[in-house]
Amino acid sequence: MKIVAYGIRDDERPFLNQWAEENPSVEVIGNSELLDDETVVDAKGADGIVVYQQKPYTASVIDKLGEYGVKFMSLRNVGIDNIDADAIKRNGILVTNVPAYSPEAIAEYTVATLMALLRRFKNFAHKEANGNMKWAPDLADELNQMTVGVYATGKIGRAAIKIYQGFGAKVIAYDIFHNPELEAEGMYVDTPEELYAQSDVISLHAPAVAENEHMLNDEAFSKMKDGVWILNPARGSLIDTDALLRALDSGKVAGAGLDVYEDEVGIFNNDLGSFDNIPDERLKNLMKRENVIVTPHIAFYTKKAVKNMVYFAMNASKDLNETGTSDKLVKF
Ligand code: NAD
C-alpha cells in the first residue's frame, strides 16, 4: 500500500521516518506541503493520505482525491470542521482522526503555567534582567492551600485533576456530563456559578461550542473570588478578552495563563520578527503584564504528542487499508 503524508513539519519527519522503517510493507511519501488544489496531484496512486492543516479541505480537493482513487484520509489532529463533509460522502472516502495524542501534555503544561504564576517567575525574570535580586514585593502563593475549579472533566481535565491533587490542592469540578469516578469522589458542583464562587484557580478544559463562547465574561468574573487565577489551555473563544483585561485591571483576577487566544489565527506559530510587529493590541497588552503568561498554543507540543499524532494517523490509515475499518473512524 502507499500513504502520502501532507504538511509534514521538520519536527514530525523523524517520527514519520521511524514509522516507515517499522512498516516496510507500506510505501510512505512525506510531503512538506499542505493539501490543496495544487498539491493534491501528489496523492495519485496512493491508497490513503495523512493530513493536518487549519486550511480547508475543499470539495474540489476531495473530488480530486476521489478521482485518483484515494480511499482513506487520516487526520493527525482532532478537528474535522474544515473538511467538506458532502464531498467526503460523495466520494466515499473514509476519514479517521486522533482524538487524544497526549492529554497529559496539556495537563502538565496547565499546571506548569499555574506554578510559574504563583511563584512569580515572570516578575523575577524581569527583575533579574535589571540586576535586581531582591525578594520583595513578589511574595508567592502555594497551590496546596488552594481550591482548583476544573471546568470540564474530559481527558485533559481528568489528567489535570490528578496533578492538582498531587500538589495537595482541593479540586472541585463542573461538567455537563459527570464522570462516574469523579462523581463517586463527590467532586462535582452543580453549576458553573458554584465553581466560580468557590475556586481560587479556574482551569478551563471545555471544547469551543456555541454555548460556552465567551463563558468567562464580565458577569462570570463578578461571581468569582477576588484574586482568582485563570488558566485557559482549551480554546480562545471561551474567554471574552476585553472582560479579562478589565478583571486584571481591577485585581479581580490575580493573573492568567493563556495558551490560546480568541484571535490567535495568523499570529500564533509565526515568527513576526519583533514584539512591535504583533498585529494585535489586546494580545500585546496581555503579554506585557507580569501576571499573565501567554504562549502560542504550545500545550500539546511535546515529543510524545507529536510522535503519537504521526503514529496514530499512520496506523489508522494502514488499518483502514488492511481491515476496511479503524477505531479512529469519524462519522460524517
Ligand atoms: P474531551 O472531549 O475529552 O472532554 C471535553 C469535556 O468537556 C467533556 O467531558 C464534555 O462533557 C465537556 N463539555 C462539553 N461542553 C461543555 C460545556 N458547555 N460545559 C461544560 N462541559 C462541557 O476533550 P479534551 O481532549 O479533554 O480537550 C479539552 C479541550 O482542550 C478542547 O477544547 C481542546 O480543543 C483543547 N485542547 C487544547 C490543546 C492545546 O494545545 N492547547 C490541545 C488539545 C486539546
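1. Y151 has a polar side-chain atom 3.1 Å from a nitrogen atom of the ligand. This is a polar contact, meaning a pair of N or O atoms within 3.5 Å. The model is a predicted one, in which local features need pLDDT of at least 70 and side-chain atom pairs count only at pLDDT 80 or more, while totals for chains, interfaces and linings use all residues. Residues are numbered from 1 along each chain as its sequence is written, and side-chain values use heavy atoms, with hydrogens and water left out.

2. A polar side-chain atom of D175 lies 2.6 Å from an oxygen atom of the ligand, and a backbone N or O atom of A206 lies 3.0 Å from an oxygen atom of the ligand. On its own the ligand has 870 Å² of accessible area, of which the protein covers 83% (Shrake-Rupley method, 1.4 Å probe).

3. There are 23 residues around the ligand, and K155, I156, D175, P233 and R235 come nearest (a residue is near if one of its heavy atoms lies within 4 Å). The shell is made up of 14 nonpolar, five polar and four charged residues; Gly counts as polar here, and Tyr and Pro as nonpolar.

4. Helix α6 covers residues 155-166 (a helix is a DSSP run of H or I, at least four residues). Its twelve residues should span 16 Å at 1.5 Å a residue, and its end C-alpha atoms are 17 Å apart, which agrees; the expected span is 1.5 Å times one less than the number of residues.

5. Within α6, G157, A159, A160, I161 and Y164 are buried (under 20% relative accessible area, 1.4 Å probe, protein chains only).

Note on methods. Polar contact = N/O pair within 3.5 Å; in protein donor to acceptor, adjacent residues only side chain to side chain. Helix = DSSP H or I, 4+ residues; strand = E, 2+ residues; numbered from the N terminus. Buried < 20%, exposed > 50% of the residue type's maximum accessible area, 1.4 Å probe, protein only.
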